[in-house]
Amino acid sequence: MKEERILIVEDDVNIAENIEEILELLGYVNIDIANSANQAIKVVKKYRPDLVFMDIKLKGDKDGIELGEIIKQMVDAPLVYVTSYSDPTIIERAKRINPAGFIVKPFNTNDIHAIVEIVLYNKRTKPAAEAVTVRAKDESPYLVADAVFIKADNAYERVPYEEIYYVEANGNMVTIYTKARNFTIRKSMKDMEEKLPPHLFLRVQKSFIVQLAQIESFNTKDINLKMGAVVQVGRQYYNSFLAKLNTITES
């Protein structure tokens, strides 16, 4: 009996059960199945799998590649894509999140056996130095790591990250709402995402980025911030937003 926990994310029940049966024949007993992004995120939060099989064309508001990016932020588990597509564009998108491998439909027991054994072996034997390198990449490249300097009039003003409440876009301008004052500058939201630390800030809608520490409460539509503002959550951003938070729900 093999103790590693494996998650199968697949909206075709026949394919999901086929993979599950093969894994059981190979001796794996801790297997979970999710048929949507929301369900997959809940399983990852609860069980923290050692390996994830992911349908690349998952139906719903997020496909398997977008969901894979979210799961990569949540848990250090290798990701194996299950696909019947050989579209170069899809493969290029998938490669960007560094999957552990691909399984092409239709597959057989030998295909699953080979990928599982190789991927889990690599995970178990991954050198500690690699983990240190990954952590180093998350460190700020700037000398001042707790603040950003925003140009206002003819000078750059230091604004601590903890004093930035949220950012709102309006056309090709953005307004940065802070404790001391608001800054309106010509900047794209993509640029703002790159400038603000991803472990402190998150884009929750096309026009909004919020500081995670400012969140007082939220539902599927709105986020209430401690400073009193209410920010809407975009449907396509909700799963990524939820994945960033430590939540407790009914089992």
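Leaving aside neighbours within four places in sequence, E168 is in contact (heavy atoms within 4.5 Å) with M173, V174, T175, Y177, S207 and F208. The model is a predicted one, in which local features need pLDDT of at least 70 and side-chain atom pairs count only at pLDDT 80 or more, while totals for chains, interfaces and linings use all residues. Residues are numbered from 1 along each chain as its sequence is written, and side-chain values use heavy atoms, with hydrogens and water left out.

E168 lies in strand β8; helices (H or I, at least four residues) and strands (E, at least two) are DSSP runs numbered from the N terminus. At 26% relative accessibility E168 counts as partly exposed, where buried means under 20% relative accessible area, exposed over 50% and partly exposed in between, with a 1.4 Å probe and protein chains only. The side chain of E168 makes a polar contact with the side chain of Y177 at 3.2 Å. Such a contact is a pair of N or O atoms within 3.5 Å; within protein, one must be able to donate a hydrogen and the other to accept it, and residues adjacent in sequence count only if both atoms are side-chain atoms. E168 and S207 are 39 residues apart in sequence, yet their C-alpha atoms are 5.5 Å apart in space.

Two of the contact partners of E168, Y177 and F208, also belong with Y166 to a cluster linked by ring pairs. Rings of Phe, Tyr and Trp (its six-membered ring) pair if their centres lie within 6.5 Å, and planes under 30 degrees apart count as stacked, over 60 as edge-to-face and the rest as tilted. The whole structure holds six aromatic pairs, including the two tabulated here.

| Pair | Centre to centre | Angle between planes | Class |
|---|---|---|---|
| Y161 and F201 | 6.1 Å | 70 degrees | edge-to-face |
| F218 and F241 | 4.9 Å | 80 degrees | edge-to-face |

The pair of Y161, in the loop between β7 (155-160) and β8 (164-170), and F201, in strand β11 (residues 201-205), links parts of the chain 40 residues apart, and both Y161 and F201 are buried. F218 in strand β13 (residues 215-218) and F241 in helix α8 (residues 238-243) are 23 residues apart; F218 counts as partly exposed at 30% relative accessibility, whereas F241, at 0%, counts as buried.

A nonpolar core is a set of buried Ala, Val, Leu, Ile, Met, Phe, Trp, Tyr and Cys residues joined through side-chain atoms within 4.5 Å. The largest has 25 residues, and those with the most contacts inside it are L7, V9, V52, M54, L67, I71 and Y81. The elements that give two or more residues to this core are β1 (2-9), α2 (37-47), β3 (51-55), α3 (64-74), β4 (79-83) and α4 (88-95). Beyond four places in sequence, M54 touches V9, G64, L67, G68, I71, L79, V80, Y81 and V82. A second, separate core of 21 residues includes I15, L23, L26 and L51.

Some backbone features remain. K105 and P106 are joined by a cis peptide bond with omega of about -5 degrees, and P106 is placed in the loop between β5 (101-104) and α5 (109-124). N98, which is not a glycine, has a positive phi of about 55 degrees; N98 is found in the loop between α4 and β5 and counts as exposed at 58% relative accessibility. D153, in the loop between β6 (147-152) and β7, has a positive phi near 60 degrees and is exposed, with a relative accessible area of 70%.
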